[in-house]
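Hi everyone, thanks for coming. Please have a look at the screen, and then we'll walk through a few spots together.

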Amino acid sequence: MSDIKTKFINEPENITAECLEGYVLAYPEQVKLAAENIVVRANPKSEDKVAIVTLGGSGHEPALSGFVGEGMLDCSVVGDVFAAPGAQRLFQALQLMDREAGILLVVLNHSGDVMSANMACQLAARKGIKVKQLLTHDDISAGIDAPNEERRGLAGCVPLYKILGAAAEEGKSLDELLEIGERYNEKVATLAVAMRSCTHPQNGATISELPEGIMEIGMGQHGEGGGGQKALVSADETAAEMVDLLCQKLSPDQGDRMMLIINGVGATTHMELNIIFRKAYKELEARGLQVAYSRIQEILTVQEQAGFQMIMAILDDDHIEYLKNRSANAPYWATIGK
C-alpha cells in the first residue's frame with residue numbers, strides 16, 4: 001500500500017491503469033480500452049473518415065482521454081503520470097486506427113510527446129499508414145515573440161479536438177483537417193497562473209514551491225516555472241493582466257470574434273473561475289471584441305495545483321460552427337452541454 005497520505009490511491013505503479021479502468025467502466029457507451037493505455041471510441045466512426053488521435057501523460061484528467069468520443073477524438077494514447085507514452089505504444093494505436101482516409105495526430109509541444117510522435121510516425125510510414133502531425137504550441141509564457149518550437153502545448157488543444165472532430169465527422173479530408181487545425185493553431189494563445197504547485201501522485205514530490213501570497217503567471221503544465229513570481233492580487237487584476245498579455249500576442253482587431261475559456265487546473269473553485277471569466281469577458285468587450293464561444297470547466301488539470309489557464313482565440317466562421325455544433329458525445333465535453 002502506498003505511503004503517500006494526500007491522495008486516495010493504491011499502489012503508485014498502478015495509478016494509470018486503475019484510472020483508465022475506472023474511466024471506461026463509468027462510460028461504456030462512449031469509450032473502451034482497445035489495448036493497454038489506448039482509449040478508443042466505443043462506437044468507431046466510419047473508416048472513410050479521418051481518425052483524430054492524440055497522446056499524453058496521465059495526471060491531467062479529464063485530459064486527454066476524457067475527450068474521446070463521437071465528434072471529438074477517436075483515440076487517446078496514455079503515458080504514465082506526467083510522462084509521454086512510448087513510441088511503440090503510439091505506433092500500436094496508429095495501426096489500430098489505420099484507414100484509407102488517414103490519421104491526424106495532434107501532439108502537444110512537450111519534448112517527450114514530440115519524440116514519441118516522430119518515432120511512431122516513422123514506424124507508421126514504413127507500414128504505409130497515412131498519418132500527419134499537428135503540433136499545438138499555445139502557451140505564451142516563453143514571450144510574445146517566442147518561436148512556436150519554444151512554446152509549450154497547454155489546454156488550447158481541447159477546443160481543437162472539438163473543431164477537428166466535428167470537421168472529420170463532416171467528411172473533411174486529411175489535408176483539409178490539417179489546414180483547419182493550423183489556422184486555429186496560429187490564432188490561439190493560452191496563459192496559466194498558479195498560486196500553488198502540484199505534487200506527483202506516485203512519489204509526493206513537488207516540482208516547484210510558491211510561497212504563501214505569491215502567484216506565478218506562466219507556470220507550466222506540470223508546475224514548471226514560467227513568466228515570473230509576483231504578489232497575489234485580486235481576481236480582476238489577475239484577469240485584466242492576463243487578457244492584456246494574450247491580446248498582445250493575438251493582436252485582435254475591433255469586431256473580431258473570440259473564444260474565451262477558463263480552465264481550472266485542479267484546486268481552484270468554480271466560484272473563482274466564474275469571477276475570473278466575468279472580468280476577462282468585460283475586458284474583451286471593452287476592446288470591441290465579441291466573445292463568440294465561451295466555456296468555464298476543468299478540461300485539463302494538474303492534480304491539486306491551484307490556479308487556472310486562460311485560453312483565447314480569434315475564431316474564423318468555420319471554427320465557430322464546429323465548436324457550436326452538436327456532434328460531440330465525449331464524456332467530459334458533454335457533461336456541461338454540447
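Where does L64 lie? You'll find L64 in the loop between β3, residues 51-58, and β4, residues 75-81. Keep in mind as we go that this is a predicted model.

Is L64 buried or exposed? Its relative accessible area is 8%, and since anything under 20% counts as buried, L64 is buried. If we skip residues up to four places away in sequence, L64 touches T54, L55, G56, L73, S76, L108, C157 and Y161. For a sense of distance, take E13, which sits 51 residues from L64 along the chain: the C-alpha atoms of these two are separated by 20 Å.

Now look at the backbone here. A63 and L64 are joined by a cis peptide bond, with omega about -5 degrees. P62 also has its place in the loop between β3 and β4, and the peptide bond from E61 to P62 is cis, with omega near 15 degrees.

Next, the helices. Two packed helices are described by the angle between their axes and the distance between the axes. Our pair is α2, residues 87-97, and α3, residues 111-126. Their axes come within 8 Å and cross at roughly 50 degrees, so α2 and α3 are oblique to each other. The crossing is right-handed. On the α2 side, the contact is made by A87, Q88, L90, F91 and L94, and on the α3 side by S116, A117, M119, A120, L123 and A124. What kinds of residues are these in the contact of α2 with α3? Nine are nonpolar, two are polar and none is charged.

Let's move on to a strand. T190 is part of β7, which covers residues 188-196. With 0% relative accessibility, T190 counts as buried. Which side chain does the side chain of T190 make a polar contact with? The partner is the side chain of D138, at 2.5 Å. Leaving out neighbours within four places in sequence, the contacts of T190 include D139, I140, L154 and G156, and also L246 and M310.

Last stop: two backbone angles. S251, in the loop between α6 and β10, has a positive phi near 50 degrees and is not a glycine. Q303 is not a glycine either, and its phi is positive at about 55 degrees. You can find Q303 in the loop between β11 and β12.

Notes
Residues numbered from 1 in each chain as written. Predicted model: local features only at pLDDT ≥ 70, side-chain atom pairs only at ≥ 80, totals over all residues. Heavy atoms only, no water. Helix = DSSP H or I, 4+ residues; strand = E, 2+ residues; numbered from the N terminus. Buried < 20%, exposed > 50% of the residue type's maximum accessible area, 1.4 Å probe, protein only. Polar contact = N/O pair within 3.5 Å; in protein donor to acceptor, adjacent residues only side chain to side chain. Contact = heavy atoms within 4.5 Å. Axes fitted to C-alpha atoms, helices over the stretch in contact; angles between N-to-C directions. Parallel < 35°, antiparallel > 145°, perpendicular 65-115°, else oblique. Left-handed = near helix turned anticlockwise from the far one by under 90°. Nonpolar A, V, L, I, M, F, W, Y, C, P; charged D, E, K, R; others polar.
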